[in-house]
Amino acid sequence: MASKIDKKDEAQFTKEALLKSKSFEKYKDLLNVILEDDKYYTNAQVQKMIEKEMKRKVI
């Protein structure tokens with residue numbers, strides 16, 4: 001039986017590392033605006049933030 005992975009065990013990345021990432025290349029401009037400079041983020045957190053922003057209504 002597989003054990004649950006602690007959120008503490010997930011890899012965390014800086015804004016700079018995420019902006020250079022091939023995985024998030026098409027969201028580079030969005031990430032540059034929504035991510036804070038001195039914080040660390042997991043891939044799951046970033047994906048959730050992108051989904052939230054993409055669902056926002058444009059005025």
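Helices (H or I, at least four residues) and strands (E, at least two) are taken here as DSSP runs, numbered from the N terminus. By that reading, the chain holds three helices and two strands, and along the sequence these follow the pattern β-α-α-β-α. The structure is a predicted model, in which local features need pLDDT of at least 70 and side-chain atom pairs count only at pLDDT 80 or more, while totals for chains, interfaces and linings use all residues. Residues are numbered from 1 along each chain as its sequence is written, and side-chain values use heavy atoms, with hydrogens and water left out.

Accessible areas come from the Shrake-Rupley method with a 1.4 Å probe, and for residues only the protein chains shown count as cover. The chain exposes about 5600 Å², of which carbon and sulfur atoms supply 50%. A residue is called buried under 20% relative accessible area, exposed over 50%, and partly exposed in between (1.4 Å probe, protein chains only). On this scale, 19% of the 59 residues count as buried. Contact means heavy atoms within 4.5 Å. Among the contacts in the chain with a separation of 6 or more, 43% involve residues 24 or more positions apart.

The interior comes next. In soluble globular proteins, nonpolar side chains tend to be buried together. A nonpolar core is a set of buried Ala, Val, Leu, Ile, Met, Phe, Trp, Tyr and Cys residues joined through side-chain atoms within 4.5 Å. The largest one here has eight residues: Leu18, Leu19, Phe24, Leu31, Leu35, Tyr41, Val46 and Ile50. Two or more of these residues come from each of H1 and helix H3 (43-54). Val46, a member of this core, touches Leu18, Phe24, Leu31 and Tyr41 when residues up to four places away in sequence are not counted.

Side chains of opposite charge can pair when their charged atoms come close. With a salt bridge defined as a side-chain nitrogen of Lys or Arg within 4 Å of a carboxyl oxygen of Asp or Glu, a search of the whole structure finds three. In one of them, the side chains of Asp37 and Lys15 meet at 3.2 Å, N to O. Asp37 is exposed, with a relative accessible area of 56%, whereas Lys15 is buried at 10%.

Leaving aside neighbours within four places in sequence, Lys15 is in contact with Leu31, Asn32, Leu35, Glu36, Asp37 and Lys39.

Another salt bridge joins the side chains of Lys20 and Glu16 (3.2 Å, N to O). These residues are four apart in helix H1, so about one helical turn separates them, and both Lys20 and Glu16 are exposed. Glu53 forms a salt bridge with Arg56, where the closest N and O atoms are 2.9 Å apart. Glu53 is partly exposed, with a relative accessible area of 23%, while Arg56 counts as exposed at 54%.
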